[in-house]
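Colleague: Please take a close look at the metal site in this model. I would like to know how it is put together and how it connects to the fold beside it.

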Amino acid sequence: MKFLYFLLLTLLPVIGMSQEISFARNLYNVYESYREPSLNCRRIKHGNILPLIEKLRHNSKFVVHKLGESVEKRELFLIKLGTGKTKIFLWSQMHGDEATATMALFDIFNFFSANDFLNETREKILRETTLYFLPMVNPDGAEVFQRRNIFEIDLNRDASRLVSPEAVILMNTFDSLNADFGFNLHDQNTRYSVGRNYKQATISFLAPAFNDKKEMNEKRERAVKLIGIMIEVLQQFIPGHIAKYSDDYEPRAFGDTFQKKGTSIILIESGGWKDDTEKQFIRKINFIGMLTAFLSIADKTYMEIPADNYESIPMNDNHLFDLLLKNVSVEMKGRSIPLDIAININEQKSDSEKKFTTLGTIEDIGDLSGFNGIEEMDCTGLTLKDGKVYPKKIETNNELAAINFQKLIDEGILFLPVEKELLSYNRQHDSSEGSFGQSKFPIRLVEATGFHFQLKIGEQPAFYLFKNDIPKYVVLNGSVIGLKR
Ligand SMILES: [Zn+2]
């Protein structure tokens, strides 16, 4: 009997959640029918969402209300949906270069506009809750794909002083709604790991603190429970890739301030997922997580979820590099020593759709056990060898465009001296970029013909990996390229 009681206790939350789990699976399977196709990369701008908002105005399910304008006069809108008693407020992209959740919000609008086998759930959510959305809080930042607004202010540090019009709009909207739940939607560094388990933190959650002591109260506890249900549901799609965000109290931040005002706040941070540069899979996970949370709020199933679901998730940690070469033999001062080499790849500023460039940098060298790479290569038996410098300096764009990089790499040349003004091409271009000799993997451009590569932190990597005196790979910028002989 005791055992039966125990069994019942442990199964109860699962039984209560079965609806959410099957709803999430359905959403996962038919997601494509809701995905907003006109939004397909992180560099979306205000101009991309305006026609979609205009479309919602003509849909009787939605009420669209203009809230005000950004510094550069871009309109901010509140989109209302549903007639229920429980109010849920969601706002996205207060950091201009964090667009993942904005894309998911428009998928959610499509979900609620649809008429299909999920009608019953859809109607239940709209009957029990009223949803308020403020997509793209920082459209001026989004326009140039930067975190801060055009005053160079981090809006998430302007919740107290309120000098930016976007921050004032967010605060006034929040105060006027007095919502029960709030979703604060962001993107985080793609190199965050889930504790020390070396997996990328694809989604990190936080129920923000409302004071320095990080105390718990009923409202914060409610956020913890709701996050618990999202963790339970999303683990099936991204097992081991969910972490917790730091709960240090920050009175200048909106999430913390709103939690203090008595709304249950859920922070969702979209991180990284391998080979998902434009975060289209993570967007889908956002979509599923938020809709499942709405259903759980409508059903009140989250109330049954133990706080431990949230508490037991590891914190975000910093144990990942973009590329980790393990155990490379390096000849230094007449000795051959084994080294791990960590490389990070950073996007260079660009506001034009997918056409950004990337620059690889050596971040660390030595014994890097305890760290992992999102891409990783065991280089045991491989020796690092320098490349040669091209004997002639390239002076014009046309000359550069005519260079056959593959041929140079085959000849052992990894460095190309160029005039100073051509140095800005010294990046890895996206394959869609037609310029620079159509090459996805350009060799490293240098200024001096007498250049000599040194393996050190801060350098842009360019070297060969040899096996028994035969070049097997070339490491250029942030890529390892296999060489055919
Ligand atoms: Zn953010």
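Modeller: A donor here is an N, O or S atom within 2.8 Å of the metal, and water is not among the atoms, so a site may look incomplete. The model is predicted. Along the chain, the donors of the zinc ion follow the spacing H-x2-E-x87-H. Their atoms are H95 (ND1), E98 (OE), E98 (OE) and H186 (ND1), and they coordinate the zinc ion at 2.0 to 2.7 Å.

The pair E98 and H186 links distant parts of the chain, the two residues being 88 residues apart. E98 lies in the loop between β3 (86-92) and α3 (100-113), whereas H186 belongs to strand β5 (residues 181-187). Both E98 and H186 are buried.

As for geometry, four donors count as tetrahedral if all angles lie between 85 and 135 degrees. The four donor atoms around the zinc ion subtend angles of 54 to 155°, so the arrangement is irregular. For reference, ideal angles at a metal with four tetrahedral donors are 109.5 degrees.

The crossing, as α2 passes α3, is left-handed. On the α2 side the contacts come from I49, L52, I53 and L56, which meet T102, F106 and F109 in α3.

Note on methods:
Residues numbered from 1 in each chain as written. Predicted model: local features only at pLDDT ≥ 70, side-chain atom pairs only at ≥ 80, totals over all residues. Heavy atoms only, no water. Donors = N, O, S within 2.8 Å, 3.2 Å for Na, K, Ca; no water. Tetrahedral: all angles 85-135°; square planar, octahedral: opposite > 155°, others 65-115°. Helix = DSSP H or I, 4+ residues; strand = E, 2+ residues; numbered from the N terminus. Buried < 20%, exposed > 50% of the residue type's maximum accessible area, 1.4 Å probe, protein only. Left-handed = near helix turned anticlockwise from the far one by under 90°. Contact = heavy atoms within 4.5 Å.
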